[in-house]
Amino acid sequence: MSTSVVVVSDTHVPQKAKAVPAAVWSAVERADVVVHAGDWTGVPLLDELEARARLLVAVWGNNDGDALRARLPEVARTTIDGVRLAVVHETGQKEGREARMDRAFPETDLLLFGHSHIPWDTTTPAGLRLLNPGSPTDRRRQPRATYLTLTLDAGSVRDVTLHELPLRTDALDGVLPHPRMTT
């Protein structure tokens, strides 16, 4: 039996986007597992994702306030379909990332991370697969907003697909305060 997974990170709802795109919600509803690698910035999105996902594996990110940190770990670890996976928001700079993650996650097959909003797919010298889905809502300097899908099957990671989303046309009405800066 295989397990379908949707991976998102850096959604920044409602600070950078009003909502998660419909295409992502459609993928969430089809998936067996949903992974969110942090920087939610709003508790309502966590509540909605928990309600809509069959299984949610998630962590908090550097932009997440105390309410999200109270409900989510900094690092999540689980084994699904024979794949030992870990989720963390930040992995540091790209230079030396593979060696650093080999040391930090020695008993892990798949590390899912976020923070940069830049899609990433490499395998370390020790065989650890590193994946960053980018962001489905805040593309920063990337040409498109993105998310990942993949399949876990009998100890292997396969069918990794980076999905590009259409450019947003729903500009924010105003800038919202950063959640860690409010009292």
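How many cavities of 30 Å³ or more does the count come to?

Mentor: The count comes to one cavity of 30 Å³ or more. This is a predicted model, in which local features need pLDDT of at least 70 and side-chain atom pairs count only at pLDDT 80 or more, while totals for chains, interfaces and linings use all residues. Residues are numbered from 1 along each chain as its sequence is written, and side-chain values use heavy atoms, with hydrogens and water left out.

Rolling a probe the size of a water molecule over the atoms shows where empty space is left. A cavity is a set of points, on a 1 Å grid over the protein atoms alone, where a 1.4 Å probe fits but cannot get out. Grid points are joined across faces, edges and corners, and a volume is the space filled by probe spheres set on the points. The largest cavity holds about 50 Å³ of space.

Its lining consists of V8, T11, V20, V24, W25, V28, H36, L45, L49 and P136; a lining residue has an atom within 4 Å of a point. Helices (H or I, at least four residues) and strands (E, at least two) are DSSP runs, numbered from the N terminus. Helix α1 gives the most to the lining, with three residues, and α1 and α2 each supply at least two.

Helix α1, residues 22-30, lies across β1 (2-8), β2 and β9 (146-153) and runs at about 155° to β1. Such angles run from 0 to 180 degrees between N-to-C directions, with axes as lines fitted to C-alpha atoms, for helices over the stretch in contact; contact means heavy atoms within 4.5 Å.

Those strands belong to an open sheet of five with the order β3-β2-β1-β9-β10 and mixed pairing. Two strands pair if DSSP finds at least two bridges between them. Strands β2 (33-36) and β3 pair in the parallel sense over three bridges. The lining residue H36 has A58 in β3 as its bridge partner.

V24 and V28 also line the cavity, and both are among the residues that touch the most other members of the largest nonpolar core, which has 23 residues. A nonpolar core is a set of buried Ala, Val, Leu, Ile, Met, Phe, Trp, Tyr and Cys residues joined through side-chain atoms within 4.5 Å, where buried means under 20% relative accessible area with a 1.4 Å probe, protein chains only. Two or more core residues come from each of β1, α1 and α2 (43-52), and α1 gives the most, with four.

Technical notes: Buried < 20%, exposed > 50% of the residue type's maximum accessible area, 1.4 Å probe, protein only. 1 Å grid on protein atoms, 1.4 Å probe; cavity = no way out; pocket = protein on both sides within 12 Å on 5 of 7 lines; lining within 4 Å.
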